[in-house]
Amino acid sequence: MAELQPIHHTTALNQIAIDYTPDACLHSPDSGEIHVTYDHRRGARWRSPSRFLYGTFAARIRCPSGNTSGLNYNIYLSSLEGDKNQDEIDFEFLGKDNTSVQTNVYTGGVGGREQIHPLGFHASEDFHDYVIRWTPDEIVWLVDGSIVRREVRKEGEPWPEKAMFLYASVWDASDIDDGKWTGKYEGSDAPYICVYKDVRVPIGSFMVEEQIAE
């Protein structure tokens, strides 16, 4: 296998920032695991402390088990969550079906490029590798080392060019499209725990040190 270019060199993410419900997000730097719980506290969201401009982002993820209808659990890049003009690159699990994953790209707040990818396994039964490789010219999504999607930049078309945080969350998306997207939340098997481990982010000059004012 050819050696990865420097843009794809990574390091472990040893620190996280928790955007909401810190008691529902447990981070253990020693084990390299992050546990996000969805229950009566309504889930949590964590992110990298710094943003990155291009590079490779990776995590081993074990999705929640049981009847997860209604929930969305994910790992994704965003220039700033909640900004209507955000750039974003997604892996999203839709709780109504843990045998597939959705990918999407937003540029300047405009998405609509969703694709669903059958996984060939149940995402709650074990850890699997999910990787996003983002360059000025190409975005590649990989699962367990196999490419599930590749987007190549076309001249004149918008492209995500803003520095982005790495985010992950578990939340109830039942209200979107009357439950057609993720299903309706029932909660019969709560608490639901999504486990992330061996999270990796770009190294060196691809880290953008300045923070965005919140």
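Start with the largest cavity, which has a volume of about 40 Å³. A cavity here is a set of points on a 1 Å grid over the protein atoms alone where a 1.4 Å probe fits but cannot get out; grid points are joined across faces, edges and corners, and the volume is the space filled by probe spheres set on the points. The count comes to one cavity of 30 Å³ or more.

Keep in mind that this is a predicted model, where local features need pLDDT of at least 70, side-chain atom pairs count only at pLDDT 80 or more, and totals for chains, interfaces and linings use all residues. Residues are numbered from 1 along each chain as its sequence is written, and side-chain values use heavy atoms, with hydrogens and water left out.

Now select F57, A58, A59, I75, F91, Y130, V131, I132 and L166: they line the largest cavity, each with an atom within 4 Å of a point. What classes are in that lining? Nine residues are nonpolar (Ala, Val, Leu, Ile, Met, Phe, Trp, Tyr, Cys or Pro), and none is polar or charged. Colour β7 (55–62) and β12 (128–134) next, as each gives the lining at least two residues. Strands are DSSP runs of E, at least two residues, numbered from the N terminus.

On to a sheet. Seven strands form an open, antiparallel one in the order β2-β5-β15-β8-β9-β10-β11; two strands pair if DSSP finds at least two bridges between them. At the edges, β2 (17–20) and β11 (115–118) have a single partner strand each, so one side of each lacks a neighbour in the sheet.

Last stop: select 71–78 and 88–94, the antiparallel strands β8 and β9, joined by seven bridges. Find S78, and you'll see E88 of β9 opposite.

Technical notes: 1 Å grid on protein atoms, 1.4 Å probe; cavity = no way out; pocket = protein on both sides within 12 Å on 5 of 7 lines; lining within 4 Å. Helix = DSSP H or I, 4+ residues; strand = E, 2+ residues; numbered from the N terminus.
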